[in-house]
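Subject: Structure handover

Hello,

My notes follow below it.

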Amino acid sequence: MESRNPLLAVDNLSLEFRTRTGVVKALENVSFEIEKGQTVGVVGESGSGKSVMSYAIMGISDPAARITSGRIVFGGISLFEKSGQELQEMRGREISMIFQSPRTALNPIRTIGSQLEDVIYRHSSFRGRQIRGRALDLLNQVHIPDPEKRYHAYPFELSGGMCQRVMIAIAISSNPWLLIADEPVTGLDVTTQAAIMDLIKDAARERNMGTILITHDLGLAAEYCDRIIVMHSGHVVEVADTEHLFMRPRHPYTAKLIGATPNASRDLAELSSIPGNLPDLRAELPACRYSERCEHLKEDCLEPPLPRLETEAGHLVACRYPL
Amino acid sequence: MALLQTVDLLKKFPIRPSGAMGRVWNSLRGMGGEERGEAVYLHAVDGVTFTIEAGESVGLVGESGCGKSTLARLIARLQDPTSGAIAFEGRNIGGIPASRFIQGEKRRKIQMVFQDPTESLNPGFTTFRAVADPLLRLGGMRSGPELRKRVEELCALVGLAPEFLTRYPHQLSGGQKARVGIARAIALEPSLLILDEPTSALDVSVQAVILHLLEDLKNRLGMSYLFVSHDLNVVRLLCQRVLVMYLGKIVEAGPTREILRHPRHPYTRALLSAIPAINTTERTERVRLTGEPMSPIDPSPHLCRFYSRCPQREERCRVEMPMLTPYPGGIEAACHFPSEKRENIGTQTTVS
Ligand SMILES: Nc1ncnc2c1ncn2[C@@H]1O[C@H](COP(=O)(O)OP(=O)(O)OP(=O)(O)O)[C@@H](O)[C@H]1O
Ligand SMILES: Nc1ncnc2c1ncn2[C@@H]1O[C@H](COP(=O)(O)OP(=O)(O)OP(=O)(O)O)[C@@H](O)[C@H]1O
Ligand code: SF4
Ligand SMILES: [Mg+2]
Ligand SMILES: [Mg+2]
């Protein structure tokens, strides 16, 4: 492939948590890239490491977390080589994140208007009255009705989805290069969802912003993402362009995931979960962490290393026997 | 007798005006400033009447901020209504102050799964303690092997492996926390379970586990649900009836199948048309809503709440609030110009 300069490259990242009952191997050899202007979806089972991975990119770490291998390169610069101070400045300005639980990410004792003003003050050249104008404009764009009257509302006075939307306004107000959106529209009704996604899409187009969209909604990912990363138990098991992935999933887990999605015509009896549970991440694990649940399991699937096949240009799959 | 009946339920919140006025108002608030009529009010739930029968599951859908969680909290008696009645098993519980209801005997019969699991879990409680808590407080159980067995059983039902029992919320993923919330809420086998977006943090596989669990509890124990969800594909799977809310009011209600097949209210139509789908052939023609949503703050009692965005609106909608009116198929809709056109959303199988 031609040499490119990706906006973000995560290379062989492994991360563990120490707990009272053992070490949780939450990420293992995670690698992927994001281009400028690209929207990349991250999908996968609950607990597969999607949020932990985004925290790692943001440089937010639990004291119990330890990065055991790999690098994260953003705009050509390795993040682990930056000092705490530099990192602090970079995130928020160049990388923004919308957290999975927005109400708890907002400051509960300050009004949404003042929280928004802070971010605008810090990251833009707006001053004085302009700041208020910009803040109201943003609230309007994320469909908060009557923003003037809601300006002095505290987070607890807003609905769950409104807090989510305020978080989105804060995240895009700094014109970041990379937006990490952890379930940004989850729980929003579909019409609001569409409006917010259009807003994120526009920002991506106009400013060439890269976006990581973490979601459980495969329909949403299919509609808005250029590429999709599928995670399972701390591994990236498949990466492909959206169309390819849905047309021809190669990893058995991806195929099951797509098959388990409720759609307009299935009923409850036809809706099945993927058999087996996620493996206990504290245990000694086989090379392929899906092997215990896999219908196509062969003996050598358990042997390291976990393969990373390129079945066609840009379609990567971590399975020895792709579908 | 219905398990739950609400009549004309209303919840208004006083709102701080902005700027200098706000500061004045804030300083007066503690001194009865509200009563002096300076406040404006946000109508979160505005005259909502509906019933839930025993063993029935009712879906509640609507735009973000339209009042679904407020309605849920009123029924769970965590907040006091401004006015209106809530009857549970034939007794009016609407008048009991929320603070007293917590200790009452009906408490264990109405349980709720909260929208944001991070917010609703005590950060100092392990999974075990969080799930054991209602059993100890309201279930009459005591610490011991029996309690442990019950907690493990509940966690298994929601797909949480034993390894998670000793974890604190910050050591869990979003979907794992959501499942702790569900395990807690079903622990006492309530007769009415209110679920506020219970599956939105879950992947499709775990979601299937939870939906089957809820269906099973309904069949086995006759549990009833008020199921708040943004996902109509999920509501369709679990709920016989659905309520569509817009800005504090129910604008359409009826059997889920009927509403998916023939939505009458223009908002319901827009909602149905916006469902994302993997399969491009399943995507329907989008009705993109244009125009600003109306403000929920002191809205006009005559103007249809959907007027500002309605593609169907006419003069009459500005002067006369549409009321819920019955239509064939058991549907009620509040619109002066309901659609005559049938949709085929959610019924591909019957069409082809
Ligand atoms: N501080 C911690 N200590 C121990 N384990 C942790 C900690 N934080 C996260 N984990 C575990 O790491 C795994 C990955 O968690 P993560 O939050 O990234 O999942 P996720 O893919 O975002 O899931 P969801 O879709 O449910 O939000 C989970 O099994 C979780 O329990
Ligand atoms: N304590 C409060 N004080 C003032 N306003 C409030 C309060 N609680 C809720 N509201 C307002 O009431 C309206 C309805 O909120 P609610 O949380 O019920 O919406 P929702 O339908 O659950 O939305 P979502 O889908 O986003 O969760 C919103 O405009 C919200 O800002
Ligand atoms: S009453 Fe009028 S404005 Fe309201 S939904 Fe119906 S057509 Fe639209
Ligand atoms: Mg997560
Ligand atoms: Mg809500």
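Is A:Q100 buried, exposed or partly exposed? A:Q100 is partly exposed, at a relative accessible area of 22%. The cut-offs are under 20% for buried, over 50% for exposed and partly exposed in between, with a 1.4 Å probe and protein chains only.

Some conventions first. This is a predicted model, in which local features need pLDDT of at least 70, side-chain atom pairs count only at pLDDT 80 or more, and totals for chains, interfaces and linings use all residues. Residues are numbered from 1 along each chain as its sequence is written, chains are lettered from A and ligands numbered from 1 in the order in which they are written, and side-chain values use heavy atoms, with hydrogens and water left out.

Magnesium sites

A:Q100 gives its OE1 to the magnesium ion that is ligand 4, and A:S51 gives its OG. Donors are N, O and S atoms within 2.8 Å of the metal (3.2 Å for Na, K and Ca); water is not among the atoms, so sites may look incomplete. A:S51 is in helix α1 (50–58) and A:Q100 in the loop between β6 (95–98) and α3 (102–105) of chain A, so the pair ties together parts 49 residues apart in sequence. Helices (H or I, at least four residues) and strands (E, at least two) are DSSP runs, numbered from the N terminus. A:S51 is buried, at 16%.

In chain B, ligand 5 is a magnesium ion coordinated by B:S69 (OG) and B:Q115 (OE1), at 2.0 to 2.2 Å. B:S69 belongs to helix α2 (68–75), and B:Q115 to the loop between β6 (110–113) and α4 (117–120), 46 residues apart. B:S69 is buried at 13%. B:Q115 is partly exposed at 25%.

Ligand 3

The shell of ligand 3 holds 13 residues, where near means a heavy atom within 4 Å. The closest are B:C304, B:C310, B:C317, B:C335 and B:H336. By class, nine are nonpolar, three polar and one charged. Ala, Val, Leu, Ile, Met, Phe, Trp, Tyr, Cys and Pro count as nonpolar, Asp, Glu, Lys and Arg as charged, and the others, Gly among them, as polar.

Sheets

Chain B has an open antiparallel sheet of four strands, ordered β2-β1-β4-β5. Strands pair if DSSP finds at least two bridges between them. β2 (40–52) and β5 (91–92) of chain B are at the edges with a single partner strand each, so one side of each has no neighbour in the sheet. Within this sheet, five bridges join β1 (4–15) to β4 (83–88). B:L4 has B:F88 as its bridge partner.

β6(B) and β7 (192–196) of chain B run parallel, joined by four bridges. B:Q111 is bridged to B:L193. Both faces of β6(B) are covered: B:I110 and B:M112 are buried on one side, B:Q111 and B:V113 on the other.

Backbone points to check

Most residues other than glycine have a negative phi, and most peptide bonds are trans. A:S233 has a positive phi of about 50°. A:S233 sits in the loop between β9 (227–232) and β10 (235–241) of chain A and is buried at 1%. A:H143 has a phi near 65° and is partly exposed at 23%. A cis peptide bond joins A:P304 and A:P305, with omega about 0°.

Best wishes
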